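The sequence and structure come first.

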Amino acid sequence: MNQAFVSWSGGKDCCQAAYKAAGERYELKYLLNMINPEVERSFSHGISTRWIKMQSEALGIPIIQQHTDGKNYETQFIAALKKMRAEGITHGVFGDIDFQPHREWIENVCRPAGIEYLLPLWQGDQKQIALDFINQGFETVIIATQADKLGPEFLGRIFDKAFLSEIVAMGNISPCGEAGEYHTMVVNGPLFKQKIVIDESVKIKRDNHWFLDIKSCRLTDKKNS
């Protein structure tokens, strides 16, 4: 069985890509999350490193949290890939769907590390991808929105069929939020051994984005949650 890492943001697309890869008999050995050490948050979605680590624990997959100041993002990403390749990791799983410059970037970082990349969601129909994720039983929370597209009332909502129908009806938001209209944090699902429960959070606005700033979370037994 080929060993793979998952490029991990904490959100639904990377999680669904991981789920598909696992179903194709790839062994998920690591999550790779790029973080800003100055604020202790992930570079992609701004999630606190504490909750990313909790996702790793809930999934039972070790996480590598690679520091970057943004300017050296690509260099540090490649360095992390080379270390994993030295451990026998042969493939990388990415949740990108249709943004070609992202695919080109993935090719450019995987090539020097000797890693083969997997894009399980690539060129899929976004509405169907979203519906599949919901129907597979994943539970995901909206944790960020573009303020000019979605207001603070959307923060903390579950990514379900009602939410999907609402944003599709708006007409200016891609179903999977591929243009950054919203971001999510996965808290439960078939890959998870435990469920994450968000106990306390506040809504804040920075620049043109609303964020669900999570203050406390806990892990629970899925059978008793």
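What volume does the largest cavity have? The largest cavity has a volume of about 110 Å³. The model is predicted, so local features need pLDDT of at least 70 and side-chain atom pairs count only at pLDDT 80 or more, while totals for chains, interfaces and linings use all residues. Residues are numbered from 1 along each chain as its sequence is written, and side-chain values use heavy atoms, with hydrogens and water left out.

**Cavity**

- One cavity of 30 Å³ or more is counted; a cavity is a set of points, on a 1 Å grid over the protein atoms alone, where a 1.4 Å probe fits but cannot get out.
- Grid points are joined across faces, edges and corners, and a volume is the space filled by probe spheres set on the points.
- The lining of the largest cavity comprises 13 residues (lining residues have an atom within 4 Å of a point), and Arg41, Gly46, Ile47, Leu212 and Asp213 lie nearest the centre.
- β9 (194-206) and β10 (209-221) are the elements that give two or more residues to this lining; strands are DSSP runs of E with at least two residues, helices are runs of H or I with at least four, and both are numbered from the N terminus.
- With four residues, β10 gives the most to the lining.

**Sheet**

- Four strands form an open antiparallel sheet in the order β8-β7-β10-β9, where two strands pair if DSSP finds at least two bridges between them.
- β8 (182-188) and β9 are at the edges with a single partner strand each, so one side of each has no neighbour in the sheet.
- β7 (residues 139-146) and β10 pair antiparallel over three bridges, and Ala144 stands opposite Phe211 in β10.

**Helices**

- α1 (residues 12-23) and α5 (residues 126-135) pack at an angle of about 70°, with axes 11 Å apart; axes are lines fitted to C-alpha atoms, for helices over the stretch in contact, and angles run from 0 to 180 degrees between N-to-C directions.
- α1 and α5 are therefore roughly perpendicular (65 to 115 degrees).
- Lys12, Cys15 and Gln16 of α1 and Ile129, Asp132 and Phe133 of α5 make the contact, meaning heavy atoms within 4.5 Å.
- α2 (residues 49-59) lies across β8, β9 and β10, running at about 35° to β10.

Note on methods:
1 Å grid on protein atoms, 1.4 Å probe; cavity = no way out; pocket = protein on both sides within 12 Å on 5 of 7 lines; lining within 4 Å. Parallel < 35°, antiparallel > 145°, perpendicular 65-115°, else oblique.
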